Amino acid sequence: MIGILFDGTRCTGCERCVSACVETNGLDPVAAARDRATTRDGLSANRPLSVMPVGVEGFVRNGCMHCVEPSCVSACLVGAISKTPEGPVIYDPDKCIGCRYCMLACPFHVPRYEWQETLPLVKKCSMCFERLEEGGKPACVETCPSDALQFGNRDALLAEAHRRIQDHPGRYLPRVWGESEWGGTSVLLLSDVDLSEAGWPESTTASIPSLTDPLVHKTPFIGAGVLTCTWALSAIIQRRQKLMNHGDDEPDADASSRNES
């Protein structure tokens, strides 16, 4: 499984990676620059990737973490988001029905919606999957001038992250973000600042799909049960209404007797 290692101690915040991402995905650079200033985390439908300040002089990469067990994939009803065998989590706009469950499910709040479009789509980083299929690297990794991004096998990147921590204990906090949280992510981060300051969500060692799949798998049966009960209740109400109407249509027996006399 492939991945990306981000080293916050090497990042200068130049955002050349963001510019490369915007250009590679054919997005509007003017809108991307505007959204950088108007969004809390720098992400939008025009900016699938962002670099945000953290601590006094640090920076952190913000974008799709390409989870090992992605909750967005588990939540998608139609398979519009899928986890590739290679690692990247990709989106198929032709399958998307716009339910936005992926946005609700993501613990990192990454997927964004094209609210201003007539036929809106969900936008997120795909780790430049089309480039990978052609033997290339993600545009952000290829463009980074400070070697803050490294691309390769996830296990090798994880080993490299721990080697850097061991070799330079004063430079890094003793943690690799994404190693095990929520089942692990394919984007790993090193930093000298606690990333909770940048909005890193409260972690859990369990993946969200492992917690939600039992309910998700029961959803069709629950839905069928609710539908059956609703149909049965509707049938009972309609039958009672017919009986009441039929009773109103019958002549009053006492009134008929008085008329005959």
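**Reading a predicted model**

Analyst: The side chains of Ser50 and Arg47 make a polar contact at 3.3 Å. A polar contact is a pair of N or O atoms within 3.5 Å; within protein, one must be able to donate a hydrogen and the other to accept it, and residues adjacent in sequence count only if both atoms are side-chain atoms. This is a predicted model, in which local features need pLDDT of at least 70 and side-chain atom pairs count only at pLDDT 80 or more, while totals for chains, interfaces and linings use all residues. Residues are numbered from 1 along each chain as its sequence is written, and side-chain values use heavy atoms, with hydrogens and water left out.

User: Is Ser50 buried or exposed?

Analyst: Buried means under 20% relative accessible area, exposed over 50%, and partly exposed in between (1.4 Å probe, protein chains only). Ser50 has a relative accessible area of 0%, so it is buried. The residue belongs to strand β2, residues 49-54. Strands (E, at least two residues) and helices (H or I, at least four) are DSSP runs, numbered from the N terminus.

User: Which residues is Ser50 in contact with, leaving aside its neighbours within four places in sequence?

Analyst: Contact means heavy atoms within 4.5 Å. Among the contacts of Ser50 are Glu15, Val18, Asp41 and Arg61.

User: What does a positive phi tell me?

Analyst: Most residues other than glycine have a negative phi. His66 has a positive phi, near 50°, and lies in the loop between β3 (58-63) and α3 (71-75). With a relative accessible area of 1%, His66 is buried. Asp147 also has a positive phi, about 60°; this residue is in the loop between α6 (139-143) and β8 (149-153). Asp147 is partly exposed, because its relative accessible area is 46%.

User: How many residues does the largest nonpolar core have?

Analyst: Nonpolar side chains tend to be buried together in soluble globular proteins. A nonpolar core is a set of buried Ala, Val, Leu, Ile, Met, Phe, Trp, Tyr and Cys residues joined through side-chain atoms within 4.5 Å. The largest one here has 37 residues, and Phe108, Leu149, Leu189 and Trp200 have the most contacts inside it. Elements that each supply at least two residues of this core include β1 (2-7), α1 (16-24) and β2. A second, separate core has 10 residues, including Ala80 and Tyr91.

User: What does Leu149 touch, not counting residues up to four places away in sequence?

Analyst: Leu149 touches several residues, among them Ile4, Phe6, Arg61 and Cys140.
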